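Q: Could we go through this structure together, a bit at a time? I would like to begin with the loops and then turn to pockets and strands.

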Amino acid sequence: MSVETVRNYFEKYGMADRVLEFELSSETVELAAKAAGTEPCRIAKTMSFMVEDAPILILLAGDVKVDNRKFKDTFHTKAKMLTGDQLLELVGHPHGGVCPFAIKEDVKVYLDESLKRFETVFPAAGSANSAIELTIPELEQTSGYISWVDVSKPIEG
């Protein structure tokens, strides 16, 4: 899957023209913020984990990280991130382009509470040099999310 697959996915929402492609990499929060011309905290990073032998995605604000205790309390298992190979196989997007759009059917999506403080956020759009700016209601509508969770804590330093 690719940015074109994600763009096609957004056709049904009338938002395909809002997918942004950058000349530079947007693979990290800092690079994505620079490419999108926004603050790092507004990058909606998508983290992938294995829970009960199935992949899940959690979108978090760019200025937080997963709190292992909160994750375990929420999902009843230790946070185990997917490898790069597993990302393509189980989710359908490469490292740096993982997003909740145009993913494989059995992947569950969760949105972290850290995103709620923003009017708009920038998740990736299927490649390591893409993003789309969405309001929180648009993110809810297009991500197919299961629920909001609170599994984050601020990044120190």
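This is a predicted model: local features need pLDDT of at least 70, side-chain atom pairs count only at pLDDT 80 or more; totals for chains, interfaces and linings use all residues.

Q: Let's start with E52, then: where is it placed?
A: E52 sits in the loop between β2, which covers residues 43–51, and β3, which covers residues 54–61. Its phi is positive, at about 50°, although E52 is not a glycine.

Q: Is E52 buried or exposed?
A: E52 has a relative accessible area of 72%, and because exposed means over 50%, E52 counts as exposed.

Q: And what about the phi of D53?
A: D53 also is not a glycine, and yet its phi is positive, at about 60°. D53 lies in the loop between β2 and β3, and it is exposed, with a relative accessible area of 75%.

Q: Switching to pockets, what volume does the largest one have?
A: The largest pocket has a volume of about 460 Å³. It is lined by 25 residues, of which E27, K45, T46, H95 and G96 are the closest to its centre.

Q: Which element gives the most to that lining of the largest pocket?
A: That is β2, which gives six residues to the lining of the largest pocket. The elements that give two or more residues there are α2 (29–36), β2, β6 (120–123) and β7 (130–132).

Q: What classes of residue are in the lining of the largest pocket?
A: The lining of the largest pocket has 15 nonpolar residues, together with eight polar and two charged ones.

Q: You mentioned β5, so why is it described as largely enclosed?
A: Four of the five residues of β5 are buried, so β5 is largely enclosed by the rest of the structure.

Q: How many bridges join β5 to β3?
A: There are four bridges between β3 and β5, and the two strands run parallel. I56, for instance, has K108 in β5 as its bridge partner.

Q: And how does β5 pair with β9?
A: β5 pairs with β9, residues 147–149, in the parallel sense over three bridges, and D112 stands opposite V149 in β9.

Terms used
Residues are numbered from 1 along each chain as its sequence is written. Side-chain values use heavy atoms; hydrogens and water are left out. Buried means under 20% relative accessible area, exposed over 50%, partly exposed in between (1.4 Å probe, protein chains only). On a 1 Å grid over the protein atoms alone, a cavity is a set of points where a 1.4 Å probe fits but cannot get out, and a pocket is an open set with protein on both sides within 12 Å along at least five of seven lines; lining residues have an atom within 4 Å of a point. Grid points are joined across faces, edges and corners, and a volume is the space filled by probe spheres set on the points. Ala, Val, Leu, Ile, Met, Phe, Trp, Tyr, Cys and Pro count as nonpolar, Asp, Glu, Lys and Arg as charged, and the others, Gly among them, as polar. Two strands pair if DSSP finds at least two bridges between them.
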